[in-house]
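Have the structure open as you read.

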Amino acid sequence: MKLLRTIRLDPSDTFVFERAAEPGEWAVAGGFVFSDTDPASLQGKARTAFRAGFLGVDSLGWSTLVQIVDASTEDRANLVNALAQRLMRNFGAPDLETARAAAEEEVSFSEALCTHPSDTLIAVHRSFENGELREAFRSLQHRGGPKPLRAFSFMEVEGEEEEPDETIDLMNLVRENSK
C-alpha cells in the first residue's frame, strides 16, 4: 500500500504557510480544514494553505508537496488513529467513532491519490467554484524514473490541464514576513 508523506525540497513552505509541516510527516489532502471557511475571506498565508497545501497530520502544518511512499497496514492504522485524535482535539469531532470515520474517509481519499510509483511528488490546487470546494492534483515525476529527489530536477508534470488561476510570489511573501 502507498500513502503520502510531506516533503520539503526548499525552505519556501516555512515562508508561505503560517505553520509548515515537518518533512516526512504522514499527510492527507486536508481540504476538510476549510469546510466552514469562506474562501473569499482568506488572506496571505491562510489563502496559500487553502490554494496549495497538504496537511501534515502530526503538526497540522502545511506542505506544498507530498511524496508517494510505501506504507504498511500498521502505518495506515496509525495514521487513521492520529488523524482521528486531531479531529477530536482540534476540529470539534463530537466523539471518537465519528472522528475515526472521518479520518478513515480522509486517509482513503489520500490513498487514492497514490496511483503513481513511489517517490512521485503530488501537488494540489484548491479552488472554490459555484459554491463547492474543488481540488485538482498534479503529479511530478523524474523523467528517467525514480531518482534521488532534488529541487528543480522534475521534468514531467501530469495533470496540467487546469492551470492555476493564481501564482505565489515568494519574494513578496518574504518581504511581508520581514516587516
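Which residues in α3 are buried? The list runs Arg 76, Leu 79, Val 80, Ala 82, Leu 83, Ala 84, Arg 86 and Leu 87. Keep in mind throughout that this is a predicted model.

## The helix in question

α3 has 19 residues, and from first C-alpha to last it reaches 26 Å, close to the 27 Å expected at 1.5 Å a residue. Just past its end, Gly 92 takes a positive phi of about 75°. As for the cover over the buried residues of α3, it includes β1 (2-7), β2 and α4.

## The overall layout

Stepping back, the protein chain holds five helices and eight strands. Followed along the sequence, they come in the order β-α-β-α-β-β-β-α-α-β-β-β-α. Of the 179 residues in the chain, 41% are buried. The accessible surface comes to about 9900 Å², with 49% of that belonging to carbon and sulfur atoms.

The largest nonpolar core has 25 residues, and Leu 83 and Val 107 are the ones that touch the most other members. Elements giving two or more residues to this core are β2 (26-28), α2 (44-52), α3 (73-91) and α4 (96-112). α3 gives the most, with six residues. Leaving aside residues up to four places away in sequence, Leu 83 touches Val 28, Phe 32, Val 57, Ala 103, Glu 106 and Val 107.

Apart from that core lies another one, of nine residues, with Val 66, Ile 68, Ile 122 and Val 124 among them.

## Charges that pair up

The chain has five salt bridges. One joins the side chains of Arg 86 and Asp 58 (4.0 Å, N to O). This pair links distant parts of the chain, with Arg 86 in α3 and Asp 58 in the loop between β3 (54-56) and β4 (62-63), 28 residues apart. Arg 86 is buried because its relative accessible area is 14%, whereas Asp 58 counts as exposed at 51%.

The other joins Arg 76 to Glu 104, with the closest N and O atoms 2.7 Å apart. Again the partners are 28 residues apart, Arg 76 in α3 and Glu 104 in α4. Arg 76 is buried, at 13% relative accessible area, while Glu 104 is partly exposed at 32%.

Elsewhere, Glu 135 bridges to Arg 126, the closest N and O atoms being 2.8 Å apart. Glu 135 is partly exposed at 26% relative accessibility, but Arg 126 is buried at 1%. Shared partners also tie salt bridges together: Arg 76, Glu 104 and Glu 111 form one network.

Beyond four places in sequence, Asp 13 touches Ile 7, Arg 8, Ala 20, Trp 62, Ser 63 and Thr 64.

Terms used
Residues numbered from 1 in each chain as written. Predicted model: local features only at pLDDT ≥ 70, side-chain atom pairs only at ≥ 80, totals over all residues. Heavy atoms only, no water. Contact = heavy atoms within 4.5 Å. Helix = DSSP H or I, 4+ residues; strand = E, 2+ residues; numbered from the N terminus. Buried < 20%, exposed > 50% of the residue type's maximum accessible area, 1.4 Å probe, protein only. Areas by Shrake-Rupley, 256 points an atom, 1.4 Å probe, with all protein chains shown as cover. Core = buried A, V, L, I, M, F, W, Y, C linked by side-chain atoms within 4.5 Å. Expected span 1.5 Å × (residues − 1).
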